[in-house]
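Try each task before reading its solution.

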Amino acid sequence: MLTLGSDPSGSAPRAATSCGILIDCGLFQGDEAGSGATAVDLAIDFPIEHIRALVVTHVHIDHVGRIPYLLAAGFEGPIICSEPSAIMLPEILEDALKIGFTRNRDLIERVLGLIRSRLVAVPYGKWHSVFEAEDSSLSVRLQPAGHILGSAYVECEAKSDGESQRIVFSGDLGAPHSPLLPEAVPPERADRLVIESTYGDRDHESREDRRYRLKAILEHALADGGTVLIPAFSIGRTQELLYEIESLIHEFGVGEGVGSDPSGSDPTPSPAIAWNSLEIVVDSPLAATFTRIYRELKPFWDAEATELVNQGRHPLSFEQLTVINSHEDHLNAVDYLARSHRPCVVLAGSGMCAGGRVVNYLKAMLGDTRNDVLFVGYQARGTPGRDILDYGPRGGWVELDGERFDIRAGIHQVGGYSAHAGQSDLVRFVTGIEVPPSEIRIVHGDADAKELLRRQFHSVGLTGIMIPGLA
Ligand SMILES: [Zn+2]
């Protein structure tokens with residue numbers, strides 16, 4: 001969360017510094033949240049009087065989860081975001097409100113109504129004036145960030161006393177060549193840049209490697225008739241995974257030669273499984289909602305995905321896909337899959353196993369060696385997902401709802417479905433800016449990731465790099 005142009009001294013507002021905007025207003029995750037996020041933690045603890053607008057880079061909960069608290073604190077400005085984000089934001093906040101705010105339906109509707117009334121959907125690539133005063137003005141422009149549907153990096157053009165400055169906030173940047181969305185193109189200019197560093201310490205595997213690793217893991221895991229459980233975030237990863245699984249079914253599920261590779265390029269020949277009849281279950285009403293929205297917003301897909309649609313394929317709604325909505329069906333599915341040992345892939349939230357339906361699956365399935373857990377995204381320190389990833393392969397245990405569960409299931413991880421740019425991608429984004437920024441602030445990542453990204457930036461000759469909060 002960052003304000004721009006705010007008065008750091010906190011003294012009375014002055015004309016040139018009395019206006020600001022807020023970029024994102026999210027919830028902390030994992031250890032960042034301290035010992036459990038309380039209403040006090042969530043309360044808005046920074047001045048908001050000068051904030052003229054909230055700009056939302058994308059609708060992940062760590063970027064938008066505190067918007068209801070911002071409104072409760074008296075924020076009266078518009079909520080500026082991309083067109084897809086404007087459709088998705090009320091959906092994600094409705095869910096967040098139900099979980100963390102109130103069960104009161106009327107109150108939820110009132111808050112959502114308020115949020116909808118404040119939304120200003122700005123098309124990608126178009127300047128939008130936030131305010132214009134006699135001696136100062138601020139405009140913003142959103143550009144595709146390739147992270148999740150609707151994601152944007154924000155260019156701010158701030159003018160004050162005849163001088164102009166371009167400040168760019170990366171939001172979360174996507175990995176190039178990720179399925180479905182066009183990749184981010186670096187801004188033409190950025191005098192100052194604020195950039196994320198989630199994967200500032202490493203690179204992802206290539207898309208082809210990753211796809212074949214996914215195939216190999218699925219074939220290996222499913223050969224012994226167990227369930228592959230994929231803790232997935234509702235937005236982004238779920239849809240990317242469905243897209244890749246559809247492509248694997250399309251490539252390897254044709255004809256009798258299951259597991260064959262007509263192109264000869266598959267480096268991972270593995271036990272035959274019947275791709276044609278493999279069941280894929282999405283057990284998350286929210287993920288189902290966002291998958292529907294992804295399907296509906298095809299104009300925002302990249303060229304490759306558009307081409308598949310033109311060929312008559314349905315990357316996000318194929319035949320073998322089942323969506324579970326009701327809680328009763330969910331409990332039945334957990335019970336059935338834990339007993340039946342049918343090869344099945346289940347995508348369930350939440351992505352870091354800190355709650356949601358995936359927890360029921362984990363409790364029922366972690367103890368059986370036939371089952372497997374496949375992590376496809378970032379696991380924050382302090383979350384059960386991180387513990388399973390760290391201790392599972394050593395035969396450890398994980399605590400779920402206050403109870404210990406031994407981990408006998410296979411544990412795997414495939415990078416790159418994280419929907420975050422890797423280190424080289426981040427460096428390319430910055431070096432792609434024609435005139436290098438004179439100031440770069442590294443935010444949004446583990447301390448190690450920030451430090452390694454700083455070194456990498458230095459090594460390519462960038463200067464003026466800061467890690468806010470670090471002495
Ligand atoms: Zn994100």
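**Exercise 1: a helix and its cover**

Find the buried residues of helix α12, and what covers them.

Step 1. Helix α12 spans residues 384–391, and P384, G385, R386, I388 and L389 are buried in it. Buried means under 20% relative accessible area (1.4 Å probe, protein chains only); helices (H or I, at least four residues) and strands (E, at least two) are DSSP runs, numbered from the N terminus.

Step 2. The cover over these buried residues includes α11 (358–365), β15 (372–375), β16 (397–400) and β18 (410–413).

A word on the source: this is a predicted model, where local features need pLDDT of at least 70, side-chain atom pairs count only at pLDDT 80 or more, and totals for chains, interfaces and linings use all residues. Residues are numbered from 1 along each chain as its sequence is written, and side-chain values use heavy atoms, leaving out hydrogens and water.

**Exercise 2: placing Q423**

Decide whether Q423 is buried or exposed, and list its contacts.

Step 1. Locate Q423 in helix α13 (residues 423–431).

Step 2. Its relative accessible area is 13%, so Q423 is buried.

Step 3. Leaving aside neighbours within four places in sequence, Q423 has contacts (heavy atoms within 4.5 Å) that include Y199, D201, R202, L452 and Q456.

**Exercise 3: confidence**

What is the average pLDDT of the protein?

Step 1. pLDDT, the predictor's confidence in each residue from 0 to 100, averages 88, and 89% of the residues score at least 70.

Step 2. Over residues 1–16 the pLDDT is below 50. Where pLDDT is low, predicted coordinates should not be read in detail.

Technical notes
Buried means under 20% relative accessible area, exposed over 50%, partly exposed in between (1.4 Å probe, protein chains only).
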